[in-house]
Amino acid sequence: MNLKGLAKNRLPGHVAIIMDGNGRWARLRGKGRIEGHRRGRASVRTVVEMSRRLGIPYLSLYAFSTENWLRPKEEVHALMDLLEHYLAVEQPKMMRHGIRLLAIGDKSRLPDAVLRTLEHAVRATQHNTGMTVVLALSYSGRDDIARMVQGIARKVRDGACAVEDINEEMISGHMETKSIPDPDLLIRTSGEMRISNFFLWQIPYTELYITSTLWPDFREAEYLEALLEFQRRRRRFGRTDEQIGEPLRSVGRSQ
Ligand code: IPE
Ligand code: IPE
Ligand code: MG
């Protein structure tokens, strides 16, 4: 891999990706949408492998939103099949590379076979320490927030905490992402300028990177470009340039 100026000590600690544009990729080639999803898997492999090699500790992939259940039955079915197959095929590789798999989202809506394969992969990889891949499946940021409110409300009702105890840390601790740091970089492919109900609470100071590249075309060179762009950003977290000081210290996971 030619890293062309990438600073290894200033990589994001957590990259999140909205993997969009499979349908358009296929339509442009006169193929069905499913073929786009099939091709998208190679891009998933690329970003997982590259993140692992670079030493990026967390990679979150938005694979299926709550709203995606509204798509035609055949497409949902094909996506679930692809997912199950992907998990089964990738599990040995995750073990070899020390990758831990986590899943967030409303798993109760997943078909039994997918759920079984997913739970198997999560269990098998739970002690791996090389890197964490977070799959967002049947996930929605608002749903995550609603469940967090339920969890905290229950504690208040049961007398486990007072209303005045509720703070940002407690809220983060009740989100599905409780064991995961906030993303430093959020990538969206296919050019759409929106979050589409992905992480909402978790991205207050996340750097956004939107590229018109469609997901099946997002490979090593495109990922590298996103990481290079991240390293060019100046993260101020509300402070002034003078307070931040030397630009090179303004990015990366330690800030
Ligand atoms: C992303 O590609 C995959 C999922 C949302 C599951 P799309 O299927 O949304 O592709 P476009 O946006 O129609 O091109
Ligand atoms: C976002 O893509 C969801 C995933 C990539 C899983 P969509 O294609 O569903 O988003 P919208 O509908 O264009 O906002
Ligand atoms: Mg889309």
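In this predicted model, the shell around ligand 1 draws at least two residues from each of helix 1, helix 2 and helix 3. Helix 1 gives the most, with three residues. In total, 13 residues surround the ligand, and the closest are Asp-20, Gly-23, Arg-24, Arg-33 and Arg-71. By class, this shell comprises three nonpolar, five polar and five charged residues.

Taken alone, ligand 1 exposes 380 Å², of which the protein buries 87%.

Ligand 1 sits in the largest pocket, whose volume is about 720 Å³. The lining of this pocket consists of 33 residues, with Met-19, Asn-22, Tyr-62, Ala-63 and Phe-64 nearest its centre. Two or more lining residues come from each of helix 1 (22-28), helix 2 (33-54), strand 2 (58-65), helix 3 (73-96) and strand 4 (131-139). The lining of the largest pocket divides into 15 nonpolar, eight polar and ten charged residues.

The second largest pocket has a volume of about 250 Å³. It is lined by 15 residues, and Ala-103, Ile-104, Met-175, Glu-176 and Lys-178 are the closest to its centre. Strand 3 (99-104) and helix 5 (141-157) each contribute at least two residues to this lining. Its composition is seven nonpolar, three polar and five charged residues.

Note on methods:
Residues numbered from 1 in each chain as written. Chains lettered and ligands numbered in written order. Predicted model: local features only at pLDDT ≥ 70, side-chain atom pairs only at ≥ 80, totals over all residues. Heavy atoms only, no water. 1 Å grid on protein atoms, 1.4 Å probe; cavity = no way out; pocket = protein on both sides within 12 Å on 5 of 7 lines; lining within 4 Å. Points joined across faces, edges and corners; volume = space filled by probe spheres on them. Helix = DSSP H or I, 4+ residues; strand = E, 2+ residues; numbered from the N terminus. Nonpolar A, V, L, I, M, F, W, Y, C, P; charged D, E, K, R; others polar. Near = heavy atom within 4 Å. Areas by Shrake-Rupley, 256 points an atom, 1.4 Å probe, with all protein chains shown as cover. Sits in = over half its atoms within 2 Å of the grid points.
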